[in-house]
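Thanks for passing this one along. Here are my notes, point by point, to read beside the coordinates.

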Amino acid sequence: MRVERLAHRARAAARRCAAVRIPGPALPVLGCLPGLAAVVALGLCAAGVERPAGGQAVARPDSGAHTAPRPAIVPRSAWLTEDTEPDRPPPPRYDDRVVAVFVHHTDSPNAYDCAETPRIIRYLYAGQTGARDWDDIGYNFLVDRCGVIYEGRAGGVARAVTGAHTQGFNHRTAGIAAIGTFTEGVEVPRVMSDAIAALAAWKLGLSDTDPRARVRLVSSNSRSRFSAGTTATLPALAGHREAFMTTCPGASLSALLPEIRRLAARLQGRA
């Protein structure tokens with residue numbers, strides 16, 4: 001079964017990547033890293049950190065009727081080394097649950113070896129926490145061209161961590177970034193889109209949310225497509241451009257979202 005093969009490949013790749021160790025002194029040599037173009041374009045595919053919604057309780061994930069298996073997720077420790085992590089990182093912020101997922105691309109080169117993924121993520125992290133002065137990487141998860149899923153923002157992969165990925169709609173959502181650039185005509189690896197579907201199915205299943213549904217979200221920032229305080233009805237599995245003025249996640253990846261939604265629904269056991 002295709003989903004079982006995907007899970008097997010992801011687990012095997014995750015074990016390989018978790019063993020990668022990049023020397024700390026290599027980080028400052030930014031000019032030789034594959035993600036160099038990403039820092040310039042991060043404003044298109046990420047958004048500033050926002051304060052948590054006032055008065056929202058921190059709840060444990062729901063055990064809904066339609067859940068999906070948790071896919072293999074490579075932890076932060078595989079890409080964030082001691083010499084790059086702050087001595088006292090700020091505490092994570094949480095919402096009560098995740099009811100929508102936004103899909104992004106990192107707008108960085110596609111021709112990378114998957115063994116380089118930890119270094120690429122570390123470079124994205126350095127760009128966002130350094131040049132942009134954010135407290136952490138904005139994306140909750142990142143997926144590479146081999147279909148390997150990485151933990152992004154700190155706080156616990158099963159919890160509703162408030163990210164910094166979709167300006168105006170970081171609350172009650174999770175951001176999944178496909179590592180690469182997926183504009184029109186660029187092929188999206190099947191293992192990558194399948195991994196996004198598996199991750200979204202699991203994450204949305206914690207709140208029993210159908211990936212094919214539309215959900216109501218309140219904008220917290222007028223720089224999004226919706227004025228602050230406006231209730232917007234958006235897909236539960238959406239592209240970044242549906243909430244913010246951007247082309248992210250690119251025309252090719254955007255065109256696959258209907259198929260990704262259907263696969264995610266099947267993984268949740270929905271008809």
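**Notes on the model**

1. Let me begin with helix H5, residues 251-267. With 1.5 Å a residue, its 17 residues should span 24 Å, and the end C-alpha atoms lie 25 Å apart, which agrees. Please keep in mind throughout that this is a predicted model.

2. H5 has a bend worth a look in your viewer. There is a kink of about 40 degrees at Leu 257, shortly before the proline Pro 258. Leu 257 is also one of the buried residues of the helix, which include Ser 252, Leu 253, Ile 260, Arg 261 and Leu 263. Just after H5, Gly 269 adopts a positive phi of about 85 degrees.

3. Glu 259 forms a salt bridge with Arg 190, with 3.6 Å between the closest N and O atoms. This joins distant parts of the chain, since Glu 259 belongs to helix H5 and Arg 190 to helix H4 (residues 190-205), 69 residues apart. Both partners are partly exposed: Glu 259 has a relative accessibility of 32%, and Arg 190 one of 44%.

4. Now the cysteines. The structure holds 1 disulfide, and Cys 114 and Cys 146 form it, with their sulfur atoms 2.0 Å apart. The link is right-handed, at 95 degrees about the S-S bond. Cys 114 sits in the loop between strand E2 (100-105) and helix H3 (117-131), and Cys 146 in the loop between strand E3 (141-143) and strand E4 (149-151), so the pair ties together parts 32 residues apart in sequence. Cys 114 is buried, at 9% relative accessible area, while Cys 146 is partly exposed at 33%. Another cysteine, Cys 248, is buried with 0% relative accessibility.

5. Within it, Asp 135 and Arg 153 have their closest N and O atoms 2.8 Å apart. Their bridge connects distant parts of the chain: Asp 135 is in the loop between H3 and E3, and Arg 153 is in the loop between E4 and E5, 18 residues apart. Arg 153 is buried, at 6%, whereas Asp 135 is partly exposed, at 23%.

6. The total count of salt bridges is 10. Another of them joins the side chains of Asp 136 and Arg 76, at 3.2 Å from N to O. Asp 136 lies in the loop between H3 and E3, and Arg 76 in the loop between strand E1 (73-74) and E2, 60 residues apart. Here both ends are buried, Asp 136 with 7% relative accessibility and Arg 76 with a relative accessible area of 11%.

7. On to the rings. There are 2 aromatic pairs, among them Phe 169 with Phe 226, which is edge-to-face with 5.9 Å between centres and 90 degrees between planes. Phe 169 comes from the loop between E4 and strand E5 (173-178), and Phe 226 from the loop between strand E6 (214-218) and strand E7 (231-235), 57 residues apart. Phe 169 is buried at 1% relative accessibility, but Phe 226 is partly exposed at 24%.

8. Finally, two arginines sit over tyrosine rings. Arg 159 lies over the face of Tyr 94, 3.8 Å from the ring centre. The charged end of Arg 145 is placed over the ring of Tyr 112, at 5.9 Å from its centre.

Methods: Residues are numbered from 1 along each chain as its sequence is written. This is a predicted model: local features need pLDDT of at least 70, side-chain atom pairs count only at pLDDT 80 or more; totals for chains, interfaces and linings use all residues. Side-chain values use heavy atoms; hydrogens and water are left out. Helices (H or I, at least four residues) and strands (E, at least two) are DSSP runs, numbered from the N terminus. The expected span of a helix is 1.5 Å times one less than its number of residues. The bend at a residue is the angle between axes fitted to the seven residues ending there and the seven starting there. Buried means under 20% relative accessible area, exposed over 50%, partly exposed in between (1.4 Å probe, protein chains only). A disulfide is a pair of cysteine sulfur atoms within 2.5 Å. Rings of Phe, Tyr and Trp (its six-membered ring) pair if their centres lie within 6.5 Å; planes under 30 degrees apart count as stacked, over 60 as edge-to-face and the rest as tilted. A charge sits over a ring if NZ of Lys or CZ of Arg is within 6 Å of the ring centre and within 35 degrees of the ring normal. A salt bridge is a side-chain nitrogen of Lys or Arg within 4 Å of a carboxyl oxygen of Asp or Glu.
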